[in-house]
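Please keep the sequence and structure at hand while reading.

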Amino acid sequence: MNDSEIDRILRAVLQDVLGLDAEQVAEFDAETELFGALPELDSMAVAGLLTEIEDRFDIMVDDDDVDGALFENYGSLLAFATQKLSARS
Amino acid sequence: MTITQYQCGGHAELCLRTGQDHQQQVLLIPPLFDEMNRMRRSLVQVMQRLDAAGVGCILPDLPGCNESLVPPETLSLARWSEALSEVGRQIAPPSLVASFRGGCLIAYDFTDAKSWQLSPVSGSALLRTLMRTEIAAAKTMGQSLSMAILEQHARDGLVCLAGNPIGADLFFQLQNAEPTQPANCRIARLSGDSKPADCVLTGDPLWLRAEPGEDSVLVEAICADILEHLSA
């Protein structure tokens, strides 16, 4: 899976789970703040988001992987998905 | 739309019906846990739309779900399979079984029925969302939980996950459950989901959302694909 594919899937997950507009998600860049900035992203939504990320990327996210920094901004979440995928292959 | 009943394991379970005089009947197997609540409005809209197209629908309450009085901690996948058999025997044999999400984990044996699935999901994915929700809720109360602790609770006999009491049988069955794959099953997924599918539908995955609302595009896409599969 190349970087643009990972980016496309991650944006789709955020749009699908949080019910965001496609236009809003398309404008995300690495600095776009997530947790604390998106009202749709609360701690309960994180639960569904993590499982959907696991499901669509076919990876496992451990309890230990999840800390405040993970959802700090779009760049941190994208880096996490990319790193998990590269560790798998 | 009428509400009827079927008997299963000594309990009367409710069942929604539309178009009961139509020749073709679709049995809808709803998603499990919270996803069932999030999708129920859409499923009823699917039933109304199919009724208008001349196809009847049956939407049973699975034991322990929705209005059912069966203690949830006594549930198992086999019990839900048995309930589906009773629906087919007591209400009407289905022409097509439409399973949604976790509903695809429940096996059934309707030899003459076509099969259609929307976004089938593994039992472990459902469990992990439930466990993460429980862990997040505990954290807001200053308690520390982990999936390992919750799994131990399940092993001890009962665990409550996001308001759902789940007994050991169901917990460990779900942990290993993969969607059933009936012969000639048509698998539909939504456009954001790149996993293998026989067709890609337009619409929003309302089952993932805290505030699902409704999506007429999704309902229309589901109905059109079910009707196409019925007539194929």
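Two residues are in contact if their C-beta atoms, placed from the backbone, lie within 7 Å. By that criterion, and leaving aside neighbours within four places in sequence, B:Leu28 is in contact with B:Leu43, B:Cys57, B:Ile58, B:Leu59 and B:Ala98. The model is predicted.

**Chain A**

- The secondary structure of chain A consists of four helices and zero strands.
- Read from the N terminus, the order of elements in chain A is α-α-α-α.
- A compact globule of 89 residues would have a radius of gyration near 12 Å, and chain A agrees with this because its value is 12 Å.
- The C-alpha trace of chain A spans about 35 × 25 × 20 Å along its principal axes.
- Buried residues make up 28% of the 89 residues of chain A.
- Taking contacts in chain A between residues at least 6 apart in sequence, 68% join residues at least 24 apart.

**Chain B**

- Chain B has six helices and ten strands.
- For 232 residues, a compact globule would have a radius of gyration near 17 Å; the value for chain B is 18 Å, which agrees.
- Along the principal axes of chain B, the C-alpha trace spans about 55 × 40 × 30 Å.
- Of the 232 residues in chain B, 45% are counted as buried.
- Taking contacts in chain B between residues at least 6 apart in sequence, 65% join residues at least 24 apart.

**Contact between the chains**

- Chain A gives 19 residues to the contact and chain B gives 17 residues.
- On the side of chain A that touches chain B, the elements giving two or more residues are helix 1 (3-18) and helix 3 (43-57) of chain A.
- Helix 3 of chain A supplies the largest share of that side, namely twelve residues.
- By residue class, the side of chain A that touches chain B has eight nonpolar, five polar and six charged residues.

**Nonpolar core**

- The largest nonpolar core has 80 residues.
- Within this core, B:Val26 and B:Leu28 are the residues that touch the most other members.
- For B:Leu28, the contacts beyond four places in sequence include B:Leu43 and B:Ala98.

Conventions. Residues are numbered from 1 along each chain as its sequence is written. Chains are lettered from A and ligands numbered from 1 in the order in which they are written. This is a predicted model: local features need pLDDT of at least 70, side-chain atom pairs count only at pLDDT 80 or more; totals for chains, interfaces and linings use all residues. A nonpolar core is a set of buried Ala, Val, Leu, Ile, Met, Phe, Trp, Tyr and Cys residues joined through C-beta atoms within 7 Å. A residue is buried if 20 or more other C-beta atoms lie within 10 Å of its own, exposed if 12 or fewer, and partly exposed in between; C-beta atoms are placed from the backbone. Ala, Val, Leu, Ile, Met, Phe, Trp, Tyr, Cys and Pro count as nonpolar, Asp, Glu, Lys and Arg as charged, and the others, Gly among them, as polar. The radius of gyration is taken over C-alpha atoms; the globule rule is 2.2 Å times the number of residues to the power 0.38.
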